[in-house]
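We will go from the whole chain to single side chains.

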Amino acid sequence: MAANIFTVGIATTHDPEDLYRLGAGLVVPDFADERLIQLLNQRLIQRSSKALTV
């Protein structure tokens, strides 16, 4: 990606392969996907001792 940031693609209207090809680091079908929750928890834990729960 031009901004050099990790990007999550939400594949509601685009093909996941297209989103990966465009530079997404993770593509999920919706915001409730467990992989997204895990990613957010990992990033939060790196910055603090708090984690999200579902």
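Helices (H or I, at least four residues) and strands (E, at least two) are taken here as DSSP runs, numbered from the N terminus. Read that way, the protein chain of this predicted model runs β-α-β-α along its sequence, with 2 helices and 2 strands in total.

Colour the whole chain by accessibility next. Of its 54 residues, 22% count as buried. The chain exposes about 4300 Å², and carbon and sulfur atoms supply 57% of that area.

Now select residues 34–47, helix α2. Its 14 residues should span 20 Å at 1.5 Å a residue, and the end C-alpha atoms are 20 Å apart, so the two values agree. Show the side chains of Leu 36, Ile 37, Leu 39 and Asn 41, which are buried.

One of its side-chain oxygens comes within 2.8 Å of the backbone nitrogen of Arg 35. Asp 33 also forms a salt bridge with Arg 35, with 3.0 Å between the closest N and O atoms.

Last stop: helix α1, residues 16–21. Select Arg 21 and Asp 18, which lie 3 residues apart in this helix, about one turn. Their side chains meet in a salt bridge of 2.1 Å, N to O. Arg 21 is exposed at 61% relative accessible area, and Asp 18 is partly exposed at 31%.

Note on methods
Residues numbered from 1 in each chain as written. Predicted model: local features only at pLDDT ≥ 70, side-chain atom pairs only at ≥ 80, totals over all residues. Heavy atoms only, no water. Buried < 20%, exposed > 50% of the residue type's maximum accessible area, 1.4 Å probe, protein only. Areas by Shrake-Rupley, 256 points an atom, 1.4 Å probe, with all protein chains shown as cover. Expected span 1.5 Å × (residues − 1). Polar contact = N/O pair within 3.5 Å; in protein donor to acceptor, adjacent residues only side chain to side chain. Salt bridge = Lys/Arg side-chain N within 4 Å of Asp/Glu carboxyl O.
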